[in-house]
Amino acid sequence: MAFGYAAGHQDIIAAMTKIHQYTMLCAPIIAQKAAIEALKNGEPDVQEMLADYNRRRLLMVKGLNSIGLTCFEPKGAFYAFPSIKSSGLTSDEFSEKLLYEEKVVVVPGTAFGHCGEGYIRCCYATAMSEIEEALVRMKKFYPGI
């Protein structure tokens, strides 16, 4: 559930309210039918998706650990959170240098609070080939620090 508010001209708010009422209060019939179909027949697709994410997770964790970026296997999301402490860089410095030098985007651990310093967040919700390429680039980057 989301909460929020909007401020604006009365006519705009009235138009927004109309749209909101019919998009938030009741799912359209096509979405209801799609949900029924998914509930009845979607389990094989769900299992395939879970297996695919598991392969990506294992590739990411194994790759990060082989580079020397210690990483525990995540159990609940599609992000790995390896330690970059051995690099001697802050999370922000590491993330920025990796982006500019190897064109790999990671999120500095400090984006998740001060305890995240010394870590980066790596997302594996992408194609296996993209993960493999990112790991190659990270391996090239990491020893060069």
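**Salt bridges and overall fold of the predicted model**

The side chains of Lys-75 and Glu-73 meet in a salt bridge, with an N to O distance of 3.5 Å. In this predicted model, Lys-75 is exposed, at a relative accessible area of 73%, whereas Glu-73 is partly exposed, at 34%. Glu-73 also forms a salt bridge with Arg-57, in which the closest N and O atoms are 2.2 Å apart. This second pair links distant parts of the chain, since Arg-57 belongs to helix 3 and Glu-73 to the loop between helix 3 and strand 1 (79–80), 16 residues apart. Arg-57 is buried, with a relative accessible area of 15%.

A search of the whole structure finds seven salt bridges. One of them joins Arg-55 to Asp-52, with 3.3 Å between the closest N and O atoms. Both residues lie in helix 3 (residues 43–67), three residues apart, or about one turn of the helix. Arg-55 is partly exposed at 43% relative accessible area, and Asp-52 is likewise partly exposed at 23%. Together with Arg-56, Asp-52 and Arg-55 are linked in a network of salt bridges.

Glu-117 is situated in the loop between strand 2 (107–108) and strand 3 (120–123) and is partly exposed, at 32% relative accessibility.

The protein chain contains five helices and three strands, arranged along the sequence as α-α-α-β-α-β-β-α. Its radius of gyration is 21 Å, while a compact globule of 145 residues would have one near 15 Å. Of the 145 residues, 26% count as buried.

Definitions and conventions. Residues numbered from 1 in each chain as written. Predicted model: local features only at pLDDT ≥ 70, side-chain atom pairs only at ≥ 80, totals over all residues. Heavy atoms only, no water. Helix = DSSP H or I, 4+ residues; strand = E, 2+ residues; numbered from the N terminus. Buried < 20%, exposed > 50% of the residue type's maximum accessible area, 1.4 Å probe, protein only. Rg over C-alpha atoms; globule rule 2.2 N^0.38 Å. Salt bridge = Lys/Arg side-chain N within 4 Å of Asp/Glu carboxyl O.
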